[in-house]
Amino acid sequence: MKRAVDLSQGIACVVTDLHGQWEPYTRYRDHFLALHEQGEADSLIFLGDVIHGYGPPEEDASLSILWDIMQLQAELGSRTVILLLGNHELPHIYGVTLAKGEINFTARFEHALGEYREPVIAFLKSLPFAVRTAGGVMMTHAGAAPGTATPEAAQRLLDFSHQALLEEADRLLAQQEAEKLIRDALGLDPGEYEEMARYHLAVSGPNDPRYNDLLRGFVVTNLKPEWPLLWDFFFTQCEAGLLPSAYSNILARFLEVYSPPEMPQRVLVTGHIPVPDGYAIIAGQQLRLASWAHAIPQESGCYLLFDVAAPIENARQLLPFVHRIPGSEW
Ligand SMILES: [Mn+2]
């Protein structure tokens with residue numbers, strides 16, 4: 001499966017990290033639809049993490065946003081509405097848990113899924129990891145990392161099959177007794193496992209066909225080299241903890257190894273990490289955008305509206321195309 005969407009022409013509207021916030025989602029969506037109708041924008045690109053709210057459950061519109069994007073894509077086409085996989089969508093493909101402080105992100109969304117589970121998880125499995133453009137602007141959710149900036153890593157990730165990884169985990173699971181593995185590897189007795197599976201993955205009990213999924217998620221996170229690659233690609237903290245020159249080199253290699261032949265990618269646009277004032281230039285060649293949840297303050301949230309065919313040499317050249325969230329008085 002090809003995990004990159006290549007755009008050769010058109011005006012792209014880029015939005016990132018909405019984290020279940022319905023109101024900013026509709027501001028961006030409706031603005032794009034108005035532009036699209038007037039022929040002033042061709043594609044709406046979300047750079048991942050549309051799900052998992054940081055606030056109370058009743059304000060978390062994760063499923064509504066994801067479902068709305070799915071409907072919009074079905075209506076307008078998969079090159080007009082693009083959602084890149086983010087680190088908050090990824091765990092649901094594998095039954096892996098993700099929490100921060102008091103908030104158990106994955107448990108909340110798994111319980112919300114209900115009858116939507118099958119189409120939503122299938123949609124998440126289908127998502128691309130990157131958008132590449134004729135003008136040389138590439139987009140990913142998180143950014144560059146040493147482990148993913150090699151030709152071998154790029155080849156694996158651009159051709160990634162979640163299904164193959166899940167099947168490998170199933171194959172390993174079939175060789176052992178689940179109950180023994182739960183005791184030995186997870187250190188849980190059957191009752192504790194059942195309680196965890198109910199809580200984290202919304203399984204109904206031991207007869208649920210998904211009962212072993214939590215265990216399978218644990219097996220997946222031990223599969224090399226695939227899981228560390230996914231982890232580095234979707235969870236990278238980019239320049240944090242590195243010398244600026246080191247990240248600059250990693251970023252240059254990253255852009256090089258993910259470039260298609262004849263379409264060199266020179267600038268990376270990402271979200272994922274909080275940004276004061278809604279955007280920041282990292283190492284000269286990366287534009288970090290925060291459209292709402294990660295913008296400090298949120299009303300300073302930004303999107304990018306740019307011609308994908310116009311050659312861009314460095315991140316600064318994108319700044320004239322960065323705009324505040326529609327309706328912002330910031
Ligand atoms: Mn993220």
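Visitor: How do the side chains of Lys180 and Asp184 meet?
Guide: The side chains of Lys180 and Asp184 form a salt bridge of 2.7 Å, N to O, where a salt bridge is a side-chain nitrogen of Lys or Arg within 4 Å of a carboxyl oxygen of Asp or Glu. This is a predicted model, in which local features need pLDDT of at least 70 and side-chain atom pairs count only at pLDDT 80 or more, while totals for chains, interfaces and linings use all residues. Residues are numbered from 1 along each chain as its sequence is written, and side-chain values use heavy atoms, with hydrogens and water left out.

Visitor: Where do Lys180 and Asp184 lie?
Guide: Both lie in helix 8 (residues 178-186), four residues apart, about one turn of the helix; helices (H or I, at least four residues) and strands (E, at least two) are DSSP runs numbered from the N terminus.

Visitor: And is Asp184 buried or exposed?
Guide: Asp184 counts as exposed at 54% relative accessibility, and Lys180 counts as partly exposed at 49%. The classes are buried under 20% relative accessible area, exposed over 50% and partly exposed in between, with a 1.4 Å probe and protein chains only.

Visitor: How many salt bridges does the count come to?
Guide: The count comes to 17 salt bridges. One of them pairs Asp68 with Arg29 at 2.7 Å, N to O, and this pair links distant parts of the chain, with Asp68 in helix 2 and Arg29 in helix 1, 39 residues apart. Both Asp68 and Arg29 are buried.

Visitor: What does Glu110 form a salt bridge with?
Guide: Its partner is Arg117, and the closest N and O atoms are 2.8 Å apart. Glu110 is buried at 3% relative accessibility, and Arg117 is buried too, with a relative accessible area of 17%.

Visitor: Changing topic, which residues coordinate the manganese ion?
Guide: The manganese ion is coordinated by Asp49 (OD), Asn87 (OD1), His141 (NE2) and His272 (ND1), at 2.1 to 2.2 Å. Donors are N, O and S atoms within 2.8 Å of the metal (3.2 Å for Na, K and Ca), and because water is not among the atoms, sites may look incomplete. Along the chain the donors follow the spacing D-x37-N-x53-H-x130-H.

Visitor: Where do Asn87 and His141 sit?
Guide: Asn87 is in the loop between strand 4 and helix 3 (90-94), whereas His141 is in the loop between strand 8 (137-139) and helix 6 (151-158), so this pair, 54 residues apart, links distant parts of the chain. Both Asn87 and His141 are buried.

Visitor: Now the sheet: in what order do its strands come?
Guide: Five strands form an open sheet in the order 4-3-2-14-15, with mixed pairing; two strands pair if DSSP finds at least two bridges between them. Strand 4 (81-83) and strand 15 (322-324) stand at the edges with a single partner strand each, so one side of each is left without a neighbour in the sheet.

Visitor: How many bridges join strand 14 to strand 15?
Guide: Three bridges join strand 14 (residues 302-307) to strand 15, and the two run antiparallel, with Leu304 opposite Val322. Strand 2 and strand 14 also pair in the antiparallel sense, over four bridges, and here Ala12 stands opposite Phe306. Five of the six residues of strand 14 are buried, so this strand is largely enclosed by the rest of the structure.

Visitor: Last topic, how many aromatic pairs does the structure hold?
Guide: The structure holds 15 aromatic pairs. Rings of Phe, Tyr and Trp (its six-membered ring) pair if their centres lie within 6.5 Å, and planes under 30 degrees apart count as stacked, over 60 as edge-to-face and the rest as tilted. The rings of Phe129 and Phe234 have centres 5.0 Å apart and planes at 85°, so this pair is edge-to-face.

Visitor: Which residues form the aromatic cluster?
Guide: Phe129, Phe160, Phe233, Phe234, Phe254 and Tyr258 form one aromatic cluster. Of these, Phe129 is buried with a relative accessible area of 2%, and Phe234 is buried at 0%.
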